[in-house]
Amino acid sequence: MTAPEEPPVYLRLQNISKHFGTFHALRDVSLSIRKGEFVCFLGPSGCGKTTLLRAIAGLDPQNSGRIEQDGRDISRLPPAQRDFGIVFQSYALFPNLTAAENIGYGLRNRGVPGHEIRARVEQLATLVHLYEHLHKYPSQLSGGQQQRVALARALALSPGLLLLDEPLSALDAQVRQFLRREIKEVHRRLGITTIMVTHDQEEALTLSDRIVLMNRGVIEQVGTPTELYRTPRTAFAAAFVGQSNFLPGRLRADGTVAVNGVPLRPGVGVQAGMPDEPVQICLRPEQVELRPAGAGGYPAQVTDVEFCGSFWRVTLSVEALGCRRLVADVPPALGGALALAEGAAVDALVPDGVAQVFPEVFPEAAA
């Protein structure tokens, strides 16, 4: 059975660099995005993700490098000659126009006949569940409704590329979660190539086909959400995507790592060199197993317990590992069985093959 053929590359970025005076916002960034993909640019503030999006749109062109969209060189084209729709964090709706007029604004500028505009506006309003609000002005709409108007307006001209610049960051948690589902459904139905800028890892993990993790103007790692979470290539990636424990250690000649003199057998892909070289060990909270005191493992004392609904987040002090703060996530049933509370004694176990090892330099995102 042959594997399905991959979609063609729709957007190709080659050696994109951008500087503002002496500050280098982007450094030689190259990336390919396939037709119909949903890609998130993820990273901390100032990492270059919005600068890269604006370069793609032509709103703030790169100083050097080439951008191709659907085989066409758009590197130096003005925004009006590029094929994209964009949604900003601030919505940027016209306050004196109704929702219907905002959605149809670009169509009117293109001279599309009125009956076609009405049909397209109604189609998009139905798609984003706004049909009954078309007569309202932005001031009469909630933040989530305004953002859906902005999304429908961006889609009105049937662009080949949809750009989303942190569109959900100004909304409260419940509305963000609802609109994430809306955006995902719109993408599924239309199949439009989409790039979304976000600093929210939950948005990136739940929405994207691939994540482009950025740091200090370069791409740190590109991969599926599962790849970035399970097999981060750098300590920065491990720290930024998901929760992590970092413990100092040293490589040993037998392939183990020593933490406070205690040997641990890490997973594959040790990213360090000679024996006795200092390294840092990354453990996800769900990889730390808790048992009743004396049942086997490292004696530990509970210093804090947080109930997070589907799991307990437990902070431990583990003297054997020289660690005053080791975080473990445990299922509710196990948390109850262990009678977890501040000061309780438990055993902590790190199974073979789960720890990841990185060079000693500590990632900024873990601070």
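Hi everyone. For sorting residues today, Ala, Val, Leu, Ile, Met, Phe, Trp, Tyr, Cys and Pro count as nonpolar, Asp, Glu, Lys and Arg as charged, and the others, Gly among them, as polar. What you see above is a predicted model, where local features need pLDDT of at least 70 and side-chain atom pairs count only at pLDDT 80 or more, while totals for chains, interfaces and linings use all residues. Residues are numbered from 1 along each chain as its sequence is written, and side-chain values use heavy atoms, with hydrogens and water left out.

Let's start with the cavities. A cavity is a set of points, on a 1 Å grid over the protein atoms alone, where a 1.4 Å probe fits but cannot get out; its lining residues have an atom within 4 Å of a point. Grid points are joined across faces, edges and corners, and a volume is the space filled by probe spheres set on the points.

How many cavities of 30 Å³ or more are there? The count is two. The largest holds about 60 Å³, and its lining includes V87, Q147, R148, L151 and I183. Two or more residues each come from α5 (143-155) and α6 (173-190); helices here are DSSP runs of H or I with at least four residues, strands are runs of E with at least two, and both are numbered from the N terminus. By class, that lining has seven nonpolar, one polar and two charged residues.

The second largest cavity has about 40 Å³ of space. Among its lining residues are F38, L151, L164, I183 and H187. Here α6 gives the largest share, three residues, and the classes are seven nonpolar, two polar and no charged.

Now to α5 itself. Twelve of its 13 residues are buried (under 20% relative accessible area, with a 1.4 Å probe and protein chains only; exposed is over 50%, partly exposed in between), so α5 is largely enclosed by the rest of the structure. The buried ones include G144, Q147, R148, L151 and L155. Contact means heavy atoms within 4.5 Å, and what covers these buried residues includes β6 (85-87), α2 (99-103), α4 (114-127), β7 and α6.

For C308, the nearest cysteine sulfur, that of C323, is 18 Å away. C308 is partly exposed, at 33% relative accessible area, whereas C323 is buried, at 8%.

Notes: 1 Å grid on protein atoms, 1.4 Å probe; cavity = no way out; pocket = protein on both sides within 12 Å on 5 of 7 lines; lining within 4 Å. Disulfide = S-S within 2.5 Å.
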